[in-house]
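Dear colleague,

I am passing on the structure that we talked about, with some notes on its charged side chains. Please read them with the coordinates open beside you.

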Amino acid sequence: MMNCELLATCSALGYLEGDTYHKEPDCLESVKDLIRYLRHEDETRDVRQQLGSAQILQSDLLPILTQHRQDKPLFDAVIRLMVNLTQPALLCFGSLPKEPSFRHHFLQVLAYLQAYKEAFASEKVFGVLSETLYELLQLGWEERQEEDNLLIERILLLVRNVLHVPADLEQEKRIDDDASVHDRLLWAIHLSGLDDLLLFLASSPAEQQWSLHVLEIISLMFRDQNPEQLAGVGQGRLAQERRTDVAELEVLRQREMAEKKTRALQRGNRHSRFGGSYIIQGLKSIGERDLVFHKGLHNLQNYTSDLGKQPRRVPKRRQAARELSVQRRSALNVRLFLRDFCSEFLENCYNRLMGSVKDHLLREKAQQHDETYYMWALAFFMAFNRAASFRPGLVSETLSVRTFHFIEQNLTNYYEMMLTDRKEAASWARRMHLALKAYQELLATVNEMDVCPDEAVRESSRIIKNNIFYVMEYRELFLALFRKFDERCQPRSFLRDLVETTHLFLKMLERFCRSRGNLMVQNKRKKRRKKKKALDQSVASGNAPYSPEELEAMWPSLAEQLQCRAQDSELSLDSVIPFDAASEVPVEEQRAEAMVRIQDCLLAGQAPQALSLLRSAREVWPERDVFGAQDISPEEEIQLLKQILWAPLPRQQGLEEQGAEEDDEEEEEEEELEVVQVSEREFNFLDYLKRFANSTVLRAYLLLLRSYKQNSAHTNHCVVKMLHRLAHDLKMEALLFQLSLFYLFNRLLSDPAAGAYKELVTFAKYILGKFFALAAVNQKAFVELLFWKNTAVVREMTEGYGTLDGGSSSRRLPGWSPEEEAQLRELYLAHKDVEGQDVVDTILAHLKTAPRTRRQVIHHLVRLGLADSVKDFQRKGTQIVLWTEDQELELQRLFEEFQDSDDVLGNIMKNITAKRSRARIVDKLLSLGLVAERRELYKKRRKKLAPSSLPNEEESLHDFCQEDLEEEENVPEKENEEDEEKEEGSEPEQAQGGSVLSAEYLGQSLHQEGFSAPLLWLQNCLIRAADDREGAGCSQAVPLVPLTEENEEAMESEQFQQLLRKLGVRPPASGQETFWRIPAKLSPTQLRRMAASLSQAEEEEKLQLGLESKVPGEPGLEEEHQQEEEHQQEEEHQQEEEHQQEEEHQKEHRAHALRTLLLARKKKAGLVSPEEEGTNGGKEQLIMAPKKRQLLDSDEEQEEDKAPELGVPGIRKKKRFQIEDDDESD
């Protein structure tokens, strides 16, 4: 029942007397009240439903619109109200409701919209709208008001809403060539002249703001039309159409004749109960006896075991997707009007409108998913142009490589969103179908250009194909779509278009390869390569860029300049800073770089600048008089600069200089990175075709082939052509030996209309012949029918089983002899019950045969029936879980013996009797109370002092260069016990835990404490930084600026700061910086890995499972690793650096350096007091204390002092390992 207030408001609008509508005095206020009611309706859309049931739009609003157009305020208000009333039901409810009550309301609103659409199918209504729109468009931009622009937009939206209403097929029950409601609406638009206004809006450069509205209206006008059929309207029946109709009639005639013949052979139905009973030999019934058949023999061929059974109900989530788009033929006059509209649109509007829409999309001026209208228009009008009279110039705007890239990018995006957003997978699949249709039409147009008589058009086609076939993403697109095809989300029409597009692409690619002698294409692959981070040059004289003679010739001019400027005590130092305050490298570690800068200035002939740098560096680093004493004389300064000029200082090579010797790996710092390697290779069409030879692609093709009766002849040809390529061209007929395909062949060959599918029948007979020929020599071929096969199984079927073991790989061993099997059985039975040892390792040690891998032994034990599963032999650590009392006493004795040594844990592991992992020994030491924390077990380092045999300045130069290089040398190295740690699945935490995993644990706790929003902000910052570094090619430190109060509170939280340190984010330097910064050294891959570690719990669990389930190496490598553990038993040690102490020290030292430099400049200006000088001097003594680091040394570490060469101090290289938090498996 209608609401009282709503009823009163509707009554106050006016009344209809005959054909004349009389409005009430407060009609305008009533219309505004209705707009207000609609704005405040509830979630069931009750106001909309009440107005629809009262037929307010049909009885009041449309008469007001047509008869009171002169009342402009009332006309504008009625347009606003009708735009609101006609908006799509999906827009009203947000999505298709799943609850029955809301679904009822949704269907009710949809029924009212369909009634509105029928009421709008009037020439008078659209005539008023057309006249109003024409008058508004006559106004120039200087005369047009804001209200006029709003009215233009509302009229376009009203037309869009009315055209958007779906047709009610059950109620209309229209056949082809009959006028439906949509056809009558299109005819009213044509008679009113609104179509001409749409063409004007599409072609006018001054009306580009309405381009998306116009494109949406046009797409809704043609949504039921087929472009190929529309292009042939009015030209008579084409020969191809006649042949198609004749073929369809021939199929129907053959089926009818076969049915008549079957009925003629059937016996009469009289006395059917006494037709007899028969026993079918070889077909068992429910029991052990043969099946008894109680019907006539003529019904025997229709017998199936499924007779009388209730079909299994398919769950809704597993049902195949339904077709939503329905194409039908409109009335002839409507099709003629639409054909003329398409022709005029192509000639005058297409290029301009599509360019404008593309610009809106790229500049993000459009609404979400508006690119789907662009892709529909591209596919429809290019197909119309190709079918009518092919003129490439009419569609030149969308005929380019950029359009291919745009379509491929959106298609890939829809494909990824369909896999991730499972709730909206059907919507993403429909968008993906539109993109695929556009891609198909682009390929078809380029293919049509090849046969164009114009040479310029053929050359353009060749260039486009060359670009498309070169890029790998275009070639891999179809394989990805086939592999992830899901019939629950994607309808059968999508699969049909995918098969036809793949057929066209392969045909074009094959023809292009034949026309070219050799085709070079782009190839991308991910490769783990070793990247040298910083290769420090040794101080050999050969590394100096200048010879001694050149330096000797250069020095007199430099000395003359220095003598002129050395006496100038007022030399300006304000603009010279010897260190980089914004650098991530601590100030104390920049002394070597400052010395190199001084040498570079001297080599460049800039002596005054070198002198200024020297004096500034002396004020920043006064310790040990590296840059000279504070009271140094000018002559001593010149001599010091001469020594710096001659010294072959160590320099850092760039990352691109990776051509050093490979055999000197002890002196190189390397890290493994996964990079995308782009290269070129010669394209082989058959190799590319082999990518389609897998069961996933075949299943998709067979799914489409099942409906061969409903498929078009072209679709069946595309399917058969692909199967023929795999079977004949690749010689893989056995790939198609599958029972479901043979069942389909049986149905095809027994079809009465099989003569209409000659190509299918010929191919089926070819495959069946190949199968029976193989079955004659391989009786197991009948069993192989039950399984989908890959290329390896196909080869074994055709060449003989065991060929892969014997011939394809030289590492494979031949089969086991009876003597070897007997020995294996004996060893297994003798050692299977022995505790404390691995039975497979024992067998490998005592097996007196050819070398076997662990996996081969395990699989053969299972094959012999001695074990139930391979899982019975999974190694779990060292197979020792409990500690006996004697083992605890032995551990305590070893700890007391080696607790004063440099490597406590290493000595214990070398001397303990029962070998265990490092993690178990550390845990046991902690549980026994022998150590308080793991840090006490870290290996200690003793630094060696370099011999001092040089003058004071050169000795200082040697010391600080050596210190800086040692501080910068900090490179992760792979731990050799990664396999052992991964096999210990029962350990909750691995000793090799990386920062990604620890960050995950911190992220989980922060999520629980309510820091979800700051974590999401941090994740977005990391991802943006990665994108920027990939795009720019260079990197710099990026500050994390919290703009919300919640993010500021999180940045002040100690736990959140701990997470930032785990991720490698640098804290702000005291006195100089305010925000935390993402260091420049982090690569985009590392940043994305950090961002992924901040995901929710589900993703973290998946990552953890993936890390735990990953088993490194091949069987041979695993055996080799086991032998190394037995003979050598050497393991590397791990330790974590104390990041907080390190960073605090860096911040204090950097601040001290700036204060020292400022104080020195004040002293020169006479602005510093003695108290201030004394205070800073005290701070200097405190800060310049030697920095201590806890480092993890290698067991193989060698500390060598290199002899000085040419009077220059040698640099001692120390190899050190820093516990790196990166997951090496990524």
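Is Asp841 buried or exposed? With a relative accessible area of 15%, Asp841 is buried, where buried means under 20% relative accessible area, exposed over 50% and partly exposed in between, using a 1.4 Å probe and protein chains only.

Please keep in mind that this is a predicted model, in which local features need pLDDT of at least 70 and side-chain atom pairs count only at pLDDT 80 or more, while totals for chains, interfaces and linings use all residues. Residues are numbered from 1 along each chain as its sequence is written, and side-chain values use heavy atoms, with hydrogens and water left out.

Asp841 forms a salt bridge with Arg854 (2.9 Å, N to O), the term standing for a side-chain nitrogen of Lys or Arg within 4 Å of a carboxyl oxygen of Asp or Glu. Asp841 lies in helix α37 and Arg854 in helix α38, so the pair ties together parts 13 residues apart in sequence; helices here are DSSP runs of H or I with at least four residues, strands are E runs of at least two, and both are numbered from the N terminus. Arg854 is also buried, at 6% relative accessibility.

By this rule there are 36 salt bridges, including one between Arg1088 and Asp1027 (2.5 Å, N to O). That pair links distant parts of the chain, 61 residues apart, with Arg1088 in helix α48 and Asp1027 in helix α45. Arg1088 is partly exposed at 31%, and Asp1027 is partly exposed at 38%.
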